[in-house]
Amino acid sequence: NITAGIDDEKSLALNMNYKYPINDSFLLDSFVEYAKVNNVGGDTQKDADFLTLNFTTHICKNYFITLARAIKKQVKIGENGTDRIINELSFGYKLDYLNPKLKGLVVSAGYQQRDLDNKTSLVRDKALGVAITHKFEF
């Protein structure tokens, strides 16, 4: 007989970011992160693993293409567990090239696919989107 308990959530995260300039007009930017979480939400029977992969190419300093994948695998004693997987492809443009007053303003569009795998069923959502963001430096 397994009984649920309550304990502190414990985690470990490792990440790496590397930028590799091919030339003045082409930059590869990569980010990888892994996290292990025990006792998710204080539940001693629930653990989760996270993996994030992000690769961006910066072209002519203002254009970029991003390919990203995020994976969350969660297990709980006595259950099948769930996997959540998000895949994304996006294209963007930094508007400061048009006018210095627009520094930090970015327009991007992308496609995202989200999968929820319950081990006995799969739910898949797809989305197209547009985003306008502004980055502030401080």
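Strands are DSSP runs of E with at least two residues, numbered from the N terminus. The model is predicted, so local features need pLDDT of at least 70 and side-chain atom pairs count only at pLDDT 80 or more, while totals for chains, interfaces and linings use all residues. Residues are numbered from 1 along each chain as its sequence is written, and side-chain values use heavy atoms, with hydrogens and water left out.

View 1. Phenylalanine 91 belongs to strand β5. Its relative accessible area of 44% makes phenylalanine 91 partly exposed (buried is under 20%, exposed over 50%, partly exposed in between; 1.4 Å probe, protein chains only). Together with Phe55, Ile65, Leu67 and Leu89, Phe91 forms a nonpolar patch of about 440 Å². Strands β4 (63-76) and β5 (82-94) are the elements giving two or more residues to the patch. Patch residues have over 30% relative accessible area and no salt bridge, and nonpolar side chains (Val, Leu, Ile, Met, Phe, Trp, Tyr) are joined within 5 Å; areas come from the Shrake-Rupley method with a 1.4 Å probe.

View 2. Aspartate 47 sits in strand β3 and is partly exposed at 22% relative accessible area. Its C-alpha atom is separated by 5.5 Å from that of valine 75, 28 residues apart along the chain.

View 3. The whole structure holds six salt bridges, each defined by a side-chain nitrogen of Lys or Arg within 4 Å of a carboxyl oxygen of Asp or Glu. Lysine 36 pairs with aspartate 49 at 3.6 Å, N to O. This pair links strand β2 to strand β3, with the two residues 13 apart. A further bridge, at 3.1 Å, N to O, joins lysine 73 and aspartate 83. Lysine 73 is partly exposed at 41%, whereas aspartate 83 is buried at 8%. Shared partners connect Lys73, Asp83 and Lys119 into one network.

**View 4. Largest pocket.** The volume of the largest pocket is about 570 Å³. Of its 28 lining residues, Phe64, Lys94, Val106, Thr133 and Lys135 lie nearest the centre. Strand β6 gives the most to the lining, with seven residues. A pocket is an open set of points on a 1 Å grid over the protein atoms alone, where a 1.4 Å probe fits, with protein on both sides within 12 Å along at least five of seven lines; lining residues have an atom within 4 Å of a point.

Notes:
Patch = residues over 30% accessible without salt bridge, like charges linked within 9 Å, V, L, I, M, F, W, Y side chains within 5 Å. Helix = DSSP H or I, 4+ residues; strand = E, 2+ residues; numbered from the N terminus. Points joined across faces, edges and corners; volume = space filled by probe spheres on them.
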